[in-house]
Amino acid sequence: MNNQQPKKIILIVEDDLGLLEVLTDKFEREGFGVIVAENGLDGFNMANTKRPDLILIDIVLPVMDGMTMMGKLREENEWGKTVPIILLTNLSADDDERAREVAKNEPAYYLVKSDWSLEDIVRKVKE
């Protein structure tokens, strides 16, 4: 009897290649399928093609920033409106405008990289 669930797929959009490698390795060891992009435009296109179960996006990205990518996904189609998104950033969330943008694009979560460990990020993804 095979009751194995298909792997959940995570799209990680991150331009820091060291962090991208660490996140990819960690999520693969946790049993997730991982696809990656190094800029917001590639991330947006990959998200619409592959339709991952969750997207981790760095906010500061080349070509298209993470907030713009999230906004475009939310406008694109029904899947894009509902896919959970976690924004990873080195920027603080006390920017009211950014906090409103994240709240408007629910389900979206905002994690400041310096405040969260790798284990915390994995736990948040599993939620």
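Start by selecting Phe-32, which is buried, with a relative accessible area of 10%; buried means under 20% relative accessible area, exposed over 50% and partly exposed in between, with a 1.4 Å probe and protein chains only. Before moving on, note that this is a predicted model, in which local features need pLDDT of at least 70 and side-chain atom pairs count only at pLDDT 80 or more, while totals for chains, interfaces and linings use all residues. Residues are numbered from 1 along each chain as its sequence is written, and side-chain values use heavy atoms, with hydrogens and water left out.

Phe-27 and Phe-32 form an edge-to-face aromatic pair, 5.6 Å centre to centre with 85° between the planes. Rings of Phe, Tyr and Trp (its six-membered ring) pair if their centres lie within 6.5 Å; planes under 30 degrees apart count as stacked, over 60 as edge-to-face and the rest as tilted. By this rule the count is one aromatic pair.

Next, select Lys-26, found in helix H1 (residues 17-29). Helices (H or I, at least four residues) and strands (E, at least two) are DSSP runs, numbered from the N terminus. Is Lys-26 buried or exposed? Lys-26 counts as buried, at 9% relative accessibility. Not counting residues up to four places away in sequence, Lys-26 touches Leu-118, Glu-119 and Val-122, where contact means heavy atoms within 4.5 Å.

Now turn to the largest nonpolar core, which has 19 residues. A nonpolar core is a set of buried Ala, Val, Leu, Ile, Met, Phe, Trp, Tyr and Cys residues joined through side-chain atoms within 4.5 Å. Select Leu-11, Val-13, Ile-55, Ile-57, Met-69, Leu-73 and Ile-85, the residues with the most contacts inside this core. Elements that give two or more residues to the core include strand S1 (9-13), strand S3 (54-58) and helix H3 (66-76). H3 gives the most, with four residues. Apart from this core lies another, of 14 residues, among them Ile-12, Leu-20, Phe-32 and Ile-121.

For the last stop, select Lys-72 and Phe-44: the charged end of Lys-72 sits over the ring of Phe-44, 5.2 Å from its centre. A charge sits over a ring if NZ of Lys or CZ of Arg is within 6 Å of the ring centre and within 35 degrees of the ring normal.
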